[in-house]
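Welcome! Have the sequence and the 3D view open side by side, and let us walk through some of the features together.

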Amino acid sequence: MKKILLITAGIVLSLFVFHVYFNTLENHTKAYSLEPKDMAVGMNLSSTTYWMPDLPFVDITRSSMQWVTQNARNKPEGKNPWDTHVLDSIPLDMDGYPLYLPVAVEGTEAPQIVATLMCRDIHGDYPAGRYVCLYDGQGEIAFYFDASIIHAEPGRIELDVTPSSDGRGILMKIMRSEKGDHIRNIRVIMPGFETTGETQPFNPKFVDGLRPFKVIRFMCWQRTNDSCEKKWDQRTRRSTYTQAGDHGVAIEYMIELCNLIGADPWFCIPHQADNDYIRQFAMLVKNQLKPERKVYIEYSNEVWNYMFPQYRWVEENGDPSLSHPGKYAQFAGKAFNVWQTGFGDPGGRVIRVVSGQQANPRVIQGAIDHLGPGGMDALATSAYFGLGKAGYEELRVLGARAEAADVMRLVMHYMRVHEIPVMKKHADIASKYNLEYLTYEAGQSVCPSPLGSSPAYRQALWDVQKSPDMYLAYREFMQACRDMNIGLFMAFSYVTAQETKYGSWGHLAYLGQPLCEAPKYRALLDEINREYPVKE
């Protein structure tokens with residue numbers, strides 16, 4: 001279940017609301033009068049997890065699963081579960097490493113150790129070869145599944161890794177850790193990066209695929225949806241044992257990535273963050289981000305979406321005399337003001353973004369009514385194109401006879417008749433208040449209905465992702481966005497698994513995928529390079 005929630009962060013929960021509203025929307029065809037301008041293209045990153053194929057770090061423990069606890073030895077005729085769920089009874093240091101192991105825990109079958117998984121369920125799409133595990137402290141680490149130990153000495157283990165097509169990945173266990181000099185600072189380095197992994201933490205393939213994009217949005221890296229962060233000391237640090245925990249990736253890594261590739265960061269402020277958190281966040285960014293870089297800041301993510309916990313928190317904690325968009329604006333305005341006390345704004349580097357619902361312009365209008373256009377620099381919506389209710393019904397009737405061409409025909413009709421016209425309403429609002437219109441997420445949203453189902457037409461949904469017509473759909477849609485003066489097209493998302501029951505959101509299926517196999521990603525690159533299709 002956790003995998004489903006992470007894969008769909010920021011999108012899947014909003015699609016129900018998104019399409020229901022579209023199906024009752026009147027066609028809006030008002031011409032947009034301003035001269036079209038160039039549109040920048042950015043990218044949303046997916047959540048860092050042990051089962052995603054984007055592999056951002058050369059140290060694969062950075063993306064490892066959170067610890068599970070297990071019996072140190074199998075008990076004959078015992079249950080020996082995969083996870084005994086007693087991590088709360090294991091003493092940990094500030095970075096999450098056990099202070100000693102094994103630990104006797106009341107109610108368990110045997111003394112307890114910890115284990116984690118890496119590169120799981122990505123079906124061999126990660127590097128093979130000689131990995132090196134480095135660590136501090138005294139104890140014993142064991143490896144299983146795709147990894148076998150070739151040589152071991154204190155502080156250093158050489159591994160032979162052969163990725164398996166069945167997705168087993170690498171299982172690592174801390175079998176023993178000495179009290180007073182416990183095992184810590186574990187790193188499992190990809191082949192060829194042992195000498196540079198400390199100073200150059202990012203996987204070069206991950207970096208190279210991001211270099212064309214002007215802005216990187218970190219909503220998923222921050223685990224923004226349902227964020228539990230309130231205090232600054234709750235956040236993930238660079239030294240935390242995994243960057244794939246409930247608090248997301250360390251902000252320092254986000255800043256370092258943007259400095260490396262020359263991109264502007266887009267940060268989401270956790271909805272429960274106190275003033276000190278926001279101020280410290282701003283000061284960290286100011287001190288570490290290169291001075292030529294701009295910063296996009298947004299209060300949480302999709303606060304309009306009643307299916308997200310942040311919607312309910314804002315509703316319950318906002319001024320009861322205000323509408324929900326007004327309550328959102330209340331909290332956004334406060335967060336922006338506190339951020340400014342920590343960052344200042346030399347040279348207009350900070351872009352304050354207020355976001356609304358693509359299908360419902362009343363949401364952003366309500367936020368502007370409370371905050372005022374002077375309290376923000378840009379409005380944003382998603383910019384998705386997909387299937388409407390009638391399209392799904394036609395595919396249901398076609399069933400297994402449906403083909404990619406059928407899907408694309410229905411997608412293009414819905415895009416032209418519903419999705420682009422309602423986005424023009426937002427463009428009119430932006431023009432009225434002299435605000436920039438951005439997208440916070442964008443791209444295709446072709447997925448089964450209901451989400452998580454396996455309809456008879458599923459193969460057609462999958463086939464259309466690789467169709468040359470998908471490239472053309474992107475180009476037409478991005479042209480429409482340029483024509484309405486959208487300043488930033490934030491694609492969602494970078495690299496994720498394709499052909500799932502929950503959609504095919506990634507613009508790449510794996511790092512280094514050839515462009516001839518990736519029409520969505522190729523369309524983004526051609527937009528960036530201003531290689532526009534010739535109209536016949």
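Below is a short tour of strands, sheets and aromatic rings.

## Before we start

Please keep in mind that this is a predicted model. Residue numbers count from 1 along each chain as its sequence is written.

Let us begin with an open sheet of 4 strands, ordered β2-β3-β8-β5, in which the pairing is antiparallel. At its edges stand β2 (68–71) and β5 (139–145); each has a single partner strand, so one side of each is left without a neighbour in the sheet. From one strand to the next, the twist averages 35 degrees.

To see one of these pairings up close, look at β2 and strand β3 (residues 112–118), which run antiparallel and are joined by 4 bridges. Here you can find Val68 standing opposite Ala115 in β3.

## A second open sheet

Another open sheet of 4 strands has the order β6-β7-β4-β9, again with antiparallel pairing. Its edge positions belong to β6 (147–153) and β9 (184–189), and because each of them has a single partner strand, one side of each is left without a neighbour in the sheet. In this sheet the twist averages 20 degrees from one strand to the next.

Within this sheet, strand β4 (residues 129–136) pairs with strand β7 (residues 156–161) in the antiparallel sense, over 6 bridges.

Now turn to strand β16 (residues 486–491). How many of its residues are buried? The count is 6 of 6, so β16 is mostly covered, with buried meaning under 20% relative accessible area.

Strand β1 (residues 40–44) pairs with β16 in the parallel sense over 4 bridges, and Gly42 stands opposite Met490 in β16. Strand β15 (residues 436–444) also runs parallel to β16, joined to it by 3 bridges. In that pairing, Leu438 has Leu488 of β16 as its bridge partner.

## Aromatic rings that meet

Searching the whole structure turns up 25 aromatic pairs. One of them is Phe57 with Trp221: the ring centres are 6.1 Å apart and the planes are at 20 degrees, so the pair is stacked. Phe57 belongs to the loop between β1 and β2, while Trp221 belongs to the loop between β10 (215–217) and α4 (251–261), so this pair ties together parts that are 164 residues apart in sequence.

A second example is Tyr299 with Tyr328, whose ring centres lie 6.3 Å apart with planes at 35 degrees, so the pair is tilted. Tyr299 is in strand β12 (residues 295–299) and Tyr328 is in helix α7 (residues 324–343), so the pair ties together parts that are 29 residues apart in sequence. Both Tyr299 and Tyr328 are buried.

## Charges over rings

Finally, look for lysines placed over tyrosine rings. Which ring does the charged end of Lys173 sit over? The ring is that of Tyr144, and the charged end is 5.3 Å from the ring centre.

Technical notes
Predicted model: local features only at pLDDT ≥ 70, side-chain atom pairs only at ≥ 80, totals over all residues. Heavy atoms only, no water. Pairing = 2+ DSSP bridges. Helix = DSSP H or I, 4+ residues; strand = E, 2+ residues; numbered from the N terminus. Axes fitted to C-alpha atoms, helices over the stretch in contact; angles between N-to-C directions. Buried < 20%, exposed > 50% of the residue type's maximum accessible area, 1.4 Å probe, protein only. Phe/Tyr/Trp six-rings, centres within 6.5 Å; stacked < 30°, edge-to-face > 60°. Lys NZ or Arg CZ within 6 Å of the ring centre and 35° of its normal.
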